Amino acid sequence: MTNHWIDIKNADVILVMGANPAENHPISMKWIARARENGAKFIVVDPRFTRTAAKADVYAPMRSGTDIAFLGGMIKHILDNNLYFRQYVSEYTNATFLVNPEFKGPWQLDGLFSGYDEKGRKYDKKTWSFQTDENGLPKKDPSMKDPNCVFQLLRKQYARYTLDKVSDITGTPKEKLLEIYGLYASTGKPNRSGTELYAMGWTQHTIGTQNIRAMCIIQLLLGNIGIAGGGINALRGESNVQGSTDHGLLFNILPGYLPAPTATIPDLKTYNEKFTPKTKNPKSVNWWGNRPKYITSYLKAIYGTKATKDNDFGYAWLPKLDEGMNCSWLMLFDQMFKGKFEGFFAWGQNPACSGANANKVRKALAKLKWMVNVNLFDNETGSFWKGPGMNPKDIQTEVFFLPACSSVEKEGSITNSGRLAQWRTAAIEPMGQSKPDSDIMNELYFRVRRLYQKQGGKTPAPILNLTWDYGEKGPDGKVRKVDIHRVAEEINGSYLEDIFDSKATPPKQLGKRGTLCTNFVTLQADGTTSCGNWIFSGSYTQKDGKKTNMMSRRGKNDPTGLGLFSGWAWAWPVNRRIIYNRASVDPQGRPWDSKRAVIKWNPTKPDPNTKKPGVWEGDVPDGPAPPMAMEGGKYPFIMMATGMGGIFGPGLAEGPFPEHYEALECPLQENLMSKQRINPTIKLFYDKSSGAAEDVYYSCDVRYPFVATTYRVSEHWQTGVLTRHEPWQLEMQPQMFIEMSKELAKEKGIKDGDKVIVSSGRGKLWAIAIVTERFKPFRVANSTIHQVGMPWCFGWQYPEDGSSGDSSNLLTPTIGDANTMIPESKAFMVNVEKA
Amino acid sequence: MNKMVRKANAFEIVNHWVLAGSFFVLAVSGFGFLFQLEQLNSVFGSFNTMKVWHNWAGVVFIVSLVLTIVHYLSVSLRFTSDDMEWFSKAGGYLSRRVKAPPQDELNAGQKLYYLVVLVAGIAISASGLVIWLRPASSDITRLVLISHLIHNICFDLLVFAIPAHIYLATLANPGTFRIMVYGTVPLEWARKRHQKWVQKIGV
Amino acid sequence: MNVSRRNFLKLSGGSLLLSSLSIDLAPARSYAQTLRIKNAKESSTICPYCSVGCGIIVHASDGKVINAEGDPDHPISEGTLCSKGASLFQIINNPTRVMKPRYRAPGAGEWQEVEWDWALDEIAKRVKQTRDKTFKISTKSKVKGKGPDGKEVEAEKEFVVNRTDGIAHVGSAALDNEECYMLQKLLRSWGLVYIEHQARI
Amino acid sequence: MARKALLISPERCIGCRGCQTACKEWNHLPGTKTVNRGTVENPPDLTPYLYNRIRYIETATEADMVRWLFVSQRCMHCGDAGCIKICPAPGALFRTKEGAVAFNKEKCIGCKLCVAGCPFDVPRYDDKDKISKCHLCYDRTSEGLLPACAKTCPTGAIRYGERDALIGMAKKEGYGKVYGEADLDGLGALYAFIDPPKLYGMSEKPAIPESVVFWHKVLKPLAYIGLGGAVAAAVLHYVAFGPKKDEEVKKDE
């Protein structure tokens, strides 16, 4: 989330598309309701009529997987009717930038951008660049009339997204499209704000990242980024999926979104050269220019005194990926399926139900030599060897199940969608023999380390040199019990030497040796600071010797009335509640909307640090620099090297502008928008010539004629490992179901409550039919398309009588987004028959 | 010594007192339920045990009632011209001078009382059973409501009829009560009240 | 008490007989029941389910959780919870929770309960075994460089990678931040690169 | 104390069933085994272990427009409560000082008459044959806490407070009529409906069954009158006419 949960109340228009907050984030509806009480309009666009849709002022159905068409039409509507926020667009985004004249778009190349390599299914992005001046800075046309400027290219790209075409693709009635376009575009005025809430409904597509990009473009056009009641807000699915991502539990990132090093980056210097963007524009903050400070401080945190300047701070000990090596989820299970792994940890996760194409996942697990499953409850992953179709005698996988304790039996912090890190205290000791996860890690750390100490082995250095000072140690050198506060301190970082601001005269002391860091601004690239995760620097601070856990704060003050609650817990970065908030003010530092001032520049009040007049008031600004138009002022989008919001986004795989492609499995022979039916850059696991039978897909195949989508329900959480064990939840939502329209049910002779068999190319399962008015057939390209929907919260392992059914992921395909490789489980093809 | 004639046998006496006893328990607890008389806790212990008493006293009552009804069926349902005359003179109870005409084994008032017991007894028993056992029914709520109504109407009827019966069998007619103790009455007493019956049995 | 008073008046007004017999049909009774959380220990936590981050107060007594309900001071949730948050109690006190480590031997048809020490030692052995067997100190990669003639050429070179491709990990978005940090640190120290979790799906 | 009540606003309800669960949590009610019957609504009815449940009502209006309504079903805490009226066991059903209709299982005799007396088909009996229903968390409210359902509701679809204030609030929010404002001496569970109550499965004019009213108003007093009347009549008769004398009979002969 660029903004935060409470901020939804500040919106004038709320668009929920790709999310179902009433069922998956119910408490967010409190803030949507609050906004509506203040007159806000609530729009829901969803293939099915959900509990969220039931509360909408305007609801529109849309065929699953056609979001870009829908949003492209909105971009066209905004541009055609001059509804964009002109000053914002021209001064805060790259709309004015001139693009390489060689660049060609889908309007010229029938669905492709310039530089496509058909064989490699990827683009050479050379032409996706800006024209630059002698300083290497992008050339601009402030009038935005140059035919090569981003703004004009945007017009050309979406000129094809006419109302008729969009309605034909999405199945949304034209009048609904117009109503929603008009309503949402009304937020293009300085005193109107519009927010967008999305979740897996956008990400779980082969074009997931571009779905979000399309909305980002709209939000930038309407000036909705950075303001209260605006933003583009991912509603994350798990209590700490934000935190676990922040802390780099992914193959491609280290904590704080530092890229994971690759083989051809042999040393820290090369790493820094490659990943530290540069700009000569003094107005550009270019925050990632600080990268060397963060990676060095990270290495100091994990290797401590063993990390020295001489040994490149232990950079060599970090595991490296081969160039182009992708270890993401689908690849991981593909490798496992091919028998490439001996060992596997499923730590608090149940891939046998949550993984797309779960049959393949379950078969893959059987190829492991050993597996460790850490959880509160037994689950389909840990017990895969006795699952449906498995013969335990044939399965040689050893499985260890380690019981973790629940979240109230230990201490620690979690980060919500709004980047708010909140501390949880322990109510009781761990029950039975269960242990906090941190203690399980501690035990494993120590035991593996002891083996390497005693027996030696392959490259023990990364293990032996790791810092692990997390509590009082016993005579064997083992930490008896993890003191989680010490971990929090390591993440926050500390000064290893006295730190001075060398630019100031005389040099000003920034930090005192041996104390906790104030925030990441004081981190250093020379090894004199240590910080486990730079974005969390400032979460556990020290003043006058006294340590403060900022994440456990319970301040209730809200002076702005915008719901920032800056004294409640702590949000990264530096307790900023709304990011890109410098875009909420005009170049002079005056809020676009004085009634909703996130920050404002007070030119007379002296800065407490410099004592010079001029200071920001309100939320923590995106950097203390004065407003853009003033001396020393900075551009608002500090994470971008150019300082500008990216309407033209050359970083993604498919192209700098989102373009509509159909899902891998879809009911249409061709894409109505272009010759390119599917995303040209996705990795195909199955081809007629190669790929496992498990990865097969069927598009436009009479055997699987219905579009299917998967989702969660309010009563269960993820695969249901926790909630299926709660009789209260199971009572409300006991069995696997499939929702379908009355029209389809009639066609198939299915009645409400009937048991049906749902099948796809990958598997089949039973479900109870919910025949409902809330599902309607779509009229797409003059044909009728039926859509069905299923939850994925059930599994064979519990309830033990099998009364719940199994996961709908048995049906989903092995295909992912071209950028993130998030599997496409929101649009695929199935058949339904009465059981 | 006056000659004695047998008016009631041992079965009749025992059955009468079983019926009377169970009714007494039912009536007292019934009042308790009707008006939530917590004072009765000192007798029954609690309303829960009172309910047990009420229900099982009801069972006893039903058994005894059935025996009573069957036993007196033949004599009670035969109404004759004597009865009409008895009614026209109100059994001689409303005047010191008007005398009741000669009667058979049971006078018309007694037959009427039998009828009340027959109708109200069956109805209160049946409705009580419905409330207690809640038989399977498509609309049990309605059935219970009707039963509840009947139960209470009958109760109202019985709480009037029973005291009247007690009065008539004791204070109003000295000498009657002994029938339900010894089973016999003096011949003279019988002659005056059940002349025709005495003639019939030919004492 | 308004209601029963009103009721009472109405009844007594409506039926003289009833009131004269002083039959109060709806007596206002205060049935004293002690609040079971009155003397419990309170601690604050955040809901473990979705990412809204609602506050929950947990009441514990004698080392047992006896109640868990919304934290009214929490600025986001203001004491409210959805069905999942409201049932936190049932996660903690749940007879189907696994309370002892388990092991499933190759080819076995059932789990067996084991001791922590044994399980952890065995896992450590396997981590080491697999790591030692599959550890790659270096791999070959193609890199662009300048040939002797000054032209750009692609050449294969050996690079240090210090990783194992023999062990993979998935999870865990439900751990605390500190645990996530420890976990990535631990896994990377073993050389794992196949590290994924819920964010990817 | 001013009478307290719940204000239930289906328009605000998002159907998350936080209230359904929070109620179970607070009252320690077990979950029961259910099946999916072709709807997400479950269990299908109130049970002894379910005091409050959300009903999901799907209505197809006009062309292609569908509405999905969510409404809480539970004890209505009638001002004139049929269950209390008909209950024979003192203290089994009672009115709390906040105005709720609560129960005491220890005093309940399991007669189930309250089931018949309730205009809303609310009371249920547990496995020990004791009454079970919403009691508006009077153990909480008497300590100044909100009922579990109202406390947990994210969107204010269930609000608890002084009854008069709630009615005022609903009117201010634009609801002309509040369901339960006057019926049965005012319900303790008020509903702000924009549609006719029938759409939500509620009767337009809820009332205690007529037979119960008749019984209460007529039969009950008659029981006293009957007993008293019989005794009085006997006394009067005895005084006026005296017992039948055997001598008189003799004289006559």
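**Close-up views of a predicted model**

**View 1. Domains of chain C.** The centres of domain 2 and domain 3 of chain C lie 37 Å apart, taken over C-alpha atoms. The model is predicted. The domain assignment places domain 2 at residues 41-92 and domain 3 at 114-200. Domain 1 of chain C covers 1-31.

**View 2. The contact between chains C and A.** On the chain C side, 106 residues are in contact with 135 residues of chain A. Helix α4 of chain C, residues 116-134, gives the most to this side, with 15 residues. By class, the chain C residues touching chain A are 53 nonpolar, 30 polar and 23 charged.

**View 3. A strand pair across the two chains.** Strand β12 of chain A (residues 398-403) is joined to strand β4 of chain C (residues 102-104) by 3 bridges. The two strands run antiparallel. Within this pair, A:Phe400 stands opposite C:Tyr103.

**View 4. The largest nonpolar core and a second one.** The largest nonpolar core holds 406 residues. Its members that touch the most others are A:Ile14, A:Ile43, A:Ile738 and D:Leu190. A second, separate core has 5 residues, including B:Val185, B:Trp189, B:Trp197 and B:Val198.

**View 5. A:Arg779 and its surroundings.** A:Arg779 sits in strand β28 of chain A, residues 778-780. Beyond its neighbours within four places in sequence, A:Arg779 is in contact with A:Gly171 and A:Thr784. A:Asn311 is 468 residues from A:Arg779 along the chain, and 65 Å separate their C-alpha atoms.

**View 6. Chain A as a whole.** Chain A contains 21 helices and 31 strands. Its radius of gyration is 27 Å, close to the 28 Å from the globule rule for 835 residues, so chain A is as compact as a globular protein of that length. The C-alpha trace of chain A spans about 85 × 70 × 55 Å along its principal axes. Of the 835 residues, 63% count as buried. Among chain A contacts between residues at least 6 apart in sequence, 69% join residues at least 24 apart.

Definitions and conventions
Residues numbered from 1 in each chain as written. Chains lettered and ligands numbered in written order. Predicted model: local features only at pLDDT ≥ 70, side-chain atom pairs only at ≥ 80, totals over all residues. Contact = placed C-beta atoms within 7 Å. Helix = DSSP H or I, 4+ residues; strand = E, 2+ residues; numbered from the N terminus. Nonpolar A, V, L, I, M, F, W, Y, C, P; charged D, E, K, R; others polar. Pairing = 2+ DSSP bridges. Core = buried A, V, L, I, M, F, W, Y, C linked by C-beta atoms within 7 Å. Buried ≥ 20, exposed ≤ 12 C-beta atoms within 10 Å, placed from the backbone. Domains from an automatic or database assignment. Rg over C-alpha atoms; globule rule 2.2 N^0.38 Å.
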